[in-house]
Amino acid sequence: MKLETLELTNFRQFKDGIINFSTDEDRNVTVIHGQNGAGKTTLLNAFTWVLYEAVDFDTREDQLVNEGQITRAAPGSTVTVEAQLTFLHENDRFRVTRTVGYTKRDANDLDGEMGNSSFSLERQSSTGDWTRLSDGQTRVKQILPDRLRNLFFFDGEDIEELAGVDNQEQIQKAIQNIMGLTILERSMSHLKDVANEFESEYREYADDDVEELFKERDKLEKQIEKKSSQIQSRKEKRDGFNDRIDKITAQLENIDESRELEQALQAAKEQRETTEAELKDVDSVLSSELTKGGTLTLALPVITKTAADIEELQESDLLGSEVTADFLDTLLERNKCVCGRSLEEHSMYYERVVDLKSEVDVSDIGETAVRLIAAVEHAHEDYRDFQETLIDVLERRRDLKQKLAATEQEIADLERELNGLTLPTDSGSKSPAELKKEREEAEAQRESLSQNIGILTEQRSRLEEDLDEITGELEDAREEQEQATIAKKRWRATLQTRAEIESSFNKLQNAVRELADQRVSSMFESIAHKDLDAEITDEFELRIRQRVGDQWTELSKGTGETQIASLAFIGSLVAIARKRYEKDTESSYFTGGIYPIVMDSPFGALDDDHRRQVARLIPDLGNQIIVLVTDAQWGGPVASEMEEIAGAMYTLDFDDGTGDGNYPETRIRTESALGVN
Amino acid sequence: MARNRIQYDRNVAYQRLVDEEDVFKTYVDFFMFCAALGYTRNEKVPKAYKDADHELLWSNVEGTELFETVSKSIAYQETGDPGVLDDRKQQLKYLAEYAAAGAKIAAEEFETVSDDLVDIVARFILEEGSSTGPGKSESQFSDTM
């Protein structure tokens, strides 16, 4: 799919206007910039409205009509709002049009009454005529599935959330969506219902004991579900606190008075975390050493003495020989003694060796003694190693503890200084001290929720263990229920099918995750600092890690890198969809597609350096990119980078309509039109 | 006493050093430490395995060369009989008696430690090593080997 034009009539602040998007392969970016309120978000919404009749405005979502036009309209007349999008798809040109009328009820009616909207999808023939398609809405959703729209039309400032705390669900959902895996998910859910039906049938035949087991299982399942929902709700609450904490931290870093202190505080806290982790590792080593070394230290005298005693017994021949029964057997088989004498069966010498063998057989003490002496030798080597390691570890531990104490002191000093900043600042009504106090309260709440989540998770695990046990018993009981054989077979077949689908689902999902991971990682690598690395983990988290020395630590949230990684993730999904499409394979789930990306304000609150990096990343995100950007973000590195790569540029000229009889209105003005008409 | 199990009382020292503070990884590890401690201090609780509240599998002792050597050595020093080296039942009896005393000593030794138990235990072991004399016995060991 390649977007060609978007034409708006009476749509919010756009009385009329048209945008020709760049369809150039190399200069694949169209830039539209304007001041705040000029209508960037409206343009983004125009796309989703014309395609899906969906809008997401902060205020008055159903008020699509141009304010000036409805005010000036005569009572009883209707003002038509229209959006028309032309695009190319698989060698055909399509035109999608959506209109809705607003009727002015009387002279004082400044909103108008919204009528029913109408929709049409037309295809251009080779002669240039347009033919209306009967299944327009369905076709549009096939070309650009509704479920994917959040991935291709998005507010750039929101995407930072992708790399936010506990974002697995969003990432997982996006990955499922891009592959059309939701179809499989629905199948699994449907099969669960089918299995339940067969199970009910089976229960009708089941005896009382089995019925009891079913009841017990149902009860456990309900309890587990309840625990899961409690855990989920607490996690959501905790996410809320996490966001709050991040926001306050960002605020504190933005206030002139507290910036340095806050940055130093965050650095000290990170240092504390690193030292604590190191200390934990050292403690684990220490505990491993003590576990055997303690016994070794205390017991070395007794085992040494025992070895010496045993050796003495051996030397005095009080323990018997070290000759083994096996060795004597070999001599008897060969009919030759170790001294070279012949051992004929029934001969005197033969009988002597047989007698010797019976003596050896009654006790293995000689061998045991040899093993014990050898073990003591090892024990002495181990003890020397243990002592050396223990002294090293204790020293390392002492250093880390001192370092930790110093960091704690630094944190306490910085916090005290922050607490002293009690005056409100220019940038907000709250003082840094008040903000810090708020953050501490949120941190305490978060900690308490985390503990609570831990307890609930533990309780749920125990319930799940009980459930496993009951399920096992039910499995056994099932075997005994002859009357229920058929229902049982169906039930099992359903469960099995579901398990197989689930397994394919997980495999596919993982395959896409891995592709996305590779793509994100290489895209990120090409743009970010060499000591940074982005990945999509097995748990579907988008993580950014930083190399500090030989170790990787997770980068704190809310940085420019987060924004870059999130964009790289979106880019990876677009690339996967395209790759799948170009492969042209028969797929039961998803044939892929070539999609444009329309993004509103991808530069967020980034510094110039990161804006430059994001600007460089944008052309690589997809085949066609439309970037909506505020004037505040425009200029500097963004303008210089984008002017280089843009195939088309537009300015949104906004008139706020403060003069008499005027209403807010935006005009779309072309700045340059490379590669477009 | 079952042949394959060791009966022992899991006193407060087990809870503290194994369950809570993770100083010792397993109950078997701490049990053997206690047996060595009891033996070093020449203290044992006769018939400690009677009516004890927990059990350890003998295979956990036997599977570790050090533990097996300690078990045989203590039993040998108690009896002076080389036959005890292959007598699991006798070895279990002495281990349990010394471990019971050792656990009491450990409980008293560490009960007042409120902070950094692992460090205190490590230093206790280092001190025991220098005072009870693996160093001393090492020379003795060298002489005999």
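Start by selecting chain B, where, among contacts between residues at least 6 apart in sequence, 72% join residues at least 24 apart; two residues are in contact if their C-beta atoms, placed from the backbone, lie within 7 Å. What you are viewing is a predicted model, in which local features need pLDDT of at least 70 and side-chain atom pairs count only at pLDDT 80 or more, while totals for chains, interfaces and linings use all residues. Residues are numbered from 1 along each chain as its sequence is written, and chains are lettered from A in the order in which they are written.

Colour chain B by secondary structure to find seven helices and two strands, which run β-α-α-β-α-α-α-α-α from the N terminus on; helices (H or I, at least four residues) and strands (E, at least two) are DSSP runs, numbered from the N terminus. Of the 145 residues of chain B, 43% count as buried, meaning that 20 or more other C-beta atoms lie within 10 Å of a residue's own.

Finally, select the open sheet of chain A, in which three strands lie in the order β9-β10-β11 with antiparallel pairing; strands pair if DSSP finds at least two bridges between them. Because β9 (532-536) and β11 (551-554) of chain A stand at the edges, each with a single partner strand, one side of each is left without a neighbour in the sheet. Four bridges join β10 (residues 542-548) of chain A to β11(A), where A:Trp552 is the bridge partner of A:Arg547.

Key: Buried ≥ 20, exposed ≤ 12 C-beta atoms within 10 Å, placed from the backbone.
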